[in-house]
Amino acid sequence: MEIILCDELLQEIFHRIPPPSSSAVSLVSKRWLRLFRSSLSALSLRLSPNHASFSTLSSFLSHHTYLSSLSLSSSSSAPAAAAAAATSFSDSLLISISATCPNITRLHLATGPVSLLPLLSLSTACPHLSSLSLILSRNRLSFHFLSSFRALKSLTVVLVGNVSPESSPDHYPSSAELQLQSLCLSGIRAGDYQLNWLWRNCSYKTLTKLVFENCDGVGDNYSFSCFMKELKNLHELELKTCRSIVSLILIKLAENHCNYLESLLIYDGGSKDGLLHFIRETRCNLQKLDLRLPLDLDDNHLFEIGAKFNRLRVLRLQSCSMVTGEGFKSLGLALSENLEELSLTNCDVINRHNGFLVELAQNLKNVKILDLSYNHMLLDKEFASMISSYCDLRKLKLRGCSKLTNSSLISLCKNCKHLESIDLLYCHGFQIEGVEFLILNSPELRKLQVEDRKLSEVARRWMTNKFIEIQP
């Protein structure tokens, strides 16, 4: 049989084998191993700096002739004293990639800081590279190498280390226009003036996604403000643990009328006044709002969100400690027609205002995706009353709702006939009988997340016959 099947047909078969079984393909024969490797388009490797053989790695990568996506990470976190060794290790990896992966389009390198020369070699050897994620050291930091990556559309940069005595602001003239569509920056400090080159050379016409993570600054505020002034086509903005710069960015967005902004995410550190100013002054029509602001989100924000963004389709709120049931009630009325996804994770208001979920559900009957994870005080009675309003629900997450019992699963089956995916992990009140009842009475169920010990033999056979995916 192996001889009858040509190489192309075997490779096509390998593409269709699901991931849990695909690893066994390479064990059949040397021919299958060779064809399996050449059929892979994406690869993720975790390497040890202490046991790395770059000749072996180069040989291994050379067998993956159609590789287009490569992700490399380190199995050990090196201390600051070993920064030079981490850089040397990462540089050697880039040299191996440059020599063996000419067709690569996506590279994620998280093994340590990299140097300029290997990056320039990479830009020449891999001209089709469109997505690059890497770590840079503040020691002699420069972004000029980016002008060599002509096809680059997505860039992620993590800055580490301290500024060396030789480091100085970047005064070199602008020399390129980066056609980036996505830019993610992590670890930026107020004194990272080399970032100004990026603000001067990143095309404001093409950039649609901007992400800041663990950032205390944006380089020079003037250069950044000039960049933001022209940034009219931004669609997505994410600010994660960036309390020092949240207000600056939100105010600039409101001033410069980013009318195409559709998605806003702010986690762990915001500005009450800055967020309120943005909501009131912006002209954008948000479709997706994701907030994790335990101490910086209150009812005033909810009132303004409902008044300004009544076409919102996705609303995700985590750890909202300062809001009340009245705020949610007002928000539910305002978003009743268009909201399709609602997430209230670890929401303290559920403990303080009994029954508010029921009122909210009565106004949000178009919701198809619902996430109530880690609401430990959610009880069967309120869940049953609430779930009766979500007849068209397709995806539900109840992870960590430890007070719910099998009674809630029965209510769920009675009301949600189109349920396709459900997460029941860490729900200690759900027993084998309840999970089995859910599986047997959910005709459209395709994905279930639950502990393996809660699956009966009947449930397992049913899931196998119905091709239901299970994720423990």
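The model is predicted: local features need pLDDT of at least 70, side-chain atom pairs count only at pLDDT 80 or more, and totals for chains, interfaces and linings use all residues. Residues are numbered from 1 along each chain as its sequence is written, and side-chain values use heavy atoms, with hydrogens and water left out.

## Overall picture

The protein chain has 18 helices and 17 strands. Helices (H or I, at least four residues) and strands (E, at least two) are DSSP runs, numbered from the N terminus. Of the 472 residues in the chain, 49% are buried. Buried means under 20% relative accessible area, exposed over 50%, and partly exposed in between (1.4 Å probe, protein chains only). A contact means heavy atoms within 4.5 Å. Among contacts between residues at least 6 apart in sequence, 74% join residues at least 24 apart.

Helix 6 spans residues 116-125, and its buried residues are Pro 118, Leu 119, Leu 122 and Ser 123. Seen down the helix axis, they fall within an arc of 145 degrees, so they line one face of helix 6. The arc is that of the directions from the helix axis to the C-beta atoms. Turned away from that buried side are the exposed residues Leu 117 and Thr 124.

Helix 11 covers residues 299-308. Here Asp 299, His 301, Leu 302, Ile 305 and Gly 306 are buried. Their arc around the axis is only 155 degrees, which puts them on the same side of helix 11. What do the buried residues of helix 11 pack against? They pack against helix 10, strand 10 (288-292), strand 11 and helix 12. At the start of helix 11, a side-chain oxygen of Asp 298 comes to within 3.1 Å of the backbone nitrogen of Asn 300.

That pair is a polar contact: N or O atoms within 3.5 Å. Within protein, one atom must be able to donate a hydrogen and the other to accept it, and residues adjacent in sequence count only if both atoms are side-chain atoms.

## Loop residues

The loop between strand 9 (263-267) and helix 10 (272-281) holds Ser 271. Ser 271 is buried, at 18% relative accessibility. Its side chain reaches the backbone nitrogen of Gly 274 at 3.0 Å. Not counting residues up to four places away in sequence, Ser 271 touches Val 246 and Ser 247.

Asp 268 also lies between strand 9 and helix 10. Asp 268 is partly exposed, at 35% relative accessibility. Its phi is positive, about 50 degrees, although Asp 268 is not a glycine. Ser 319 is another non-glycine residue with a positive phi, near 50 degrees. Ser 319 sits in the loop between strand 11 (314-318) and helix 12.

Ser 68 is in the loop between helix 4 (54-62) and strand 2 (69-74). With a relative accessible area of 23%, Ser 68 is partly exposed. Leaving aside neighbours within four places in sequence, Ser 68 is in contact with Ser 41, Asn 103, Ile 104, Thr 105 and Arg 106. Ser 68 and Leu 129 are 61 residues apart in sequence, yet 8.8 Å apart in space, C-alpha to C-alpha.

## Cysteines

A disulfide is counted as a pair of cysteine sulfur atoms within 2.5 Å. The count is zero disulfides. Two cysteines are set out below.

| Cysteine | Closest cysteine sulfur | Distance | Relative accessibility |
|---|---|---|---|
| Cys 284 | Cys 258 | 8.2 Å | 5% |
| Cys 427 | Cys 401 | 5.5 Å | 0% |

Cys 284 is buried, and its sulfur is too far from that of Cys 258 for a bond. Cys 427 is buried and in no disulfide.

On a 1 Å grid over the protein atoms alone, a cavity is a set of points where a 1.4 Å probe fits but cannot get out. A pocket is an open set with protein on both sides within 12 Å along at least five of seven lines, and lining residues have an atom within 4 Å of a point. Grid points are joined across faces, edges and corners, and a volume is the space filled by probe spheres set on the points.

There is one cavity of 30 Å³ or more. The largest cavity holds about 30 Å³ of space. Its lining includes Leu 315, Phe 328 and Leu 331. Helix 12 (residues 325-334) gives the most to that lining, with three residues.

The second largest pocket has a volume of about 240 Å³. Of its 15 lining residues, Ile 369, Lys 395, Leu 396, Lys 397 and Ser 421 lie nearest its centre.
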